[in-house]
Amino acid sequence: MIAVLALIVGVVLGIVLDPTVPVALQPYLPIAVVAALDAVFGGVRAKLDGVFDDKQFVISFISNVLVAGLIVYLGDQLGVGGQLSTGVVVVLGVRIFGNVAAIRRHLFRA
């Protein structure tokens, strides 16, 4: 219940305040969103499996976003940012689809 209320408050604040992402951080936002989605789907899967731990979820969420951003930043510094961004998206995409498949099997028994 608290999570749903926090989500609603966050959406309303985002609409009302219309925050902007600094230009320097804009290339990292899509990677951060994909990394956050990976943590969210992993959390949903863990909840359905009955092994959800809120501390582990928060640490996973924050560390996924930071590590993904750091990898892309290092790629930008080395001149291969596009390739590393693609690599991060592929790895996280595979994890997301794996978690979604597990959620589907758990919910629909298929």
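Trainee: Why is asparagine 64 called buried?

Mentor: Asparagine 64 has a relative accessible area of 17%. Buried means under 20%, exposed over 50% and partly exposed in between, using a 1.4 Å probe and protein chains only, so asparagine 64 counts as buried. This is a predicted model, where local features need pLDDT of at least 70, side-chain atom pairs count only at pLDDT 80 or more, and totals for chains, interfaces and linings use all residues. Residues are numbered from 1 along each chain as its sequence is written, and side-chain values use heavy atoms, with hydrogens and water left out.

Trainee: What is asparagine 64 in contact with, leaving aside neighbours within four places in sequence?

Mentor: Ala35, Asp38, Ala39 and Arg95; contact means heavy atoms within 4.5 Å. Asparagine 64 itself lies in helix α3, residues 54-78. Helices here are DSSP runs of H or I with at least four residues, and strands are E runs of at least two, numbered from the N terminus.

Trainee: What makes α2 and α4 roughly parallel?

Mentor: They pack at an angle of about 25°, with axes 9 Å apart. Angles under 35 degrees count as roughly parallel, over 145 as roughly antiparallel, 65 to 115 as roughly perpendicular and the rest as oblique, so α2 is roughly parallel to α4.

Trainee: Which helices do the buried residues of α4 pack against?

Mentor: α2 (29-49) and α3. Among those buried residues are Leu92, Ile96 and Ile103.

Terms used:
Axes are lines fitted to C-alpha atoms, for helices over the stretch in contact, and angles run from 0 to 180 degrees between N-to-C directions.
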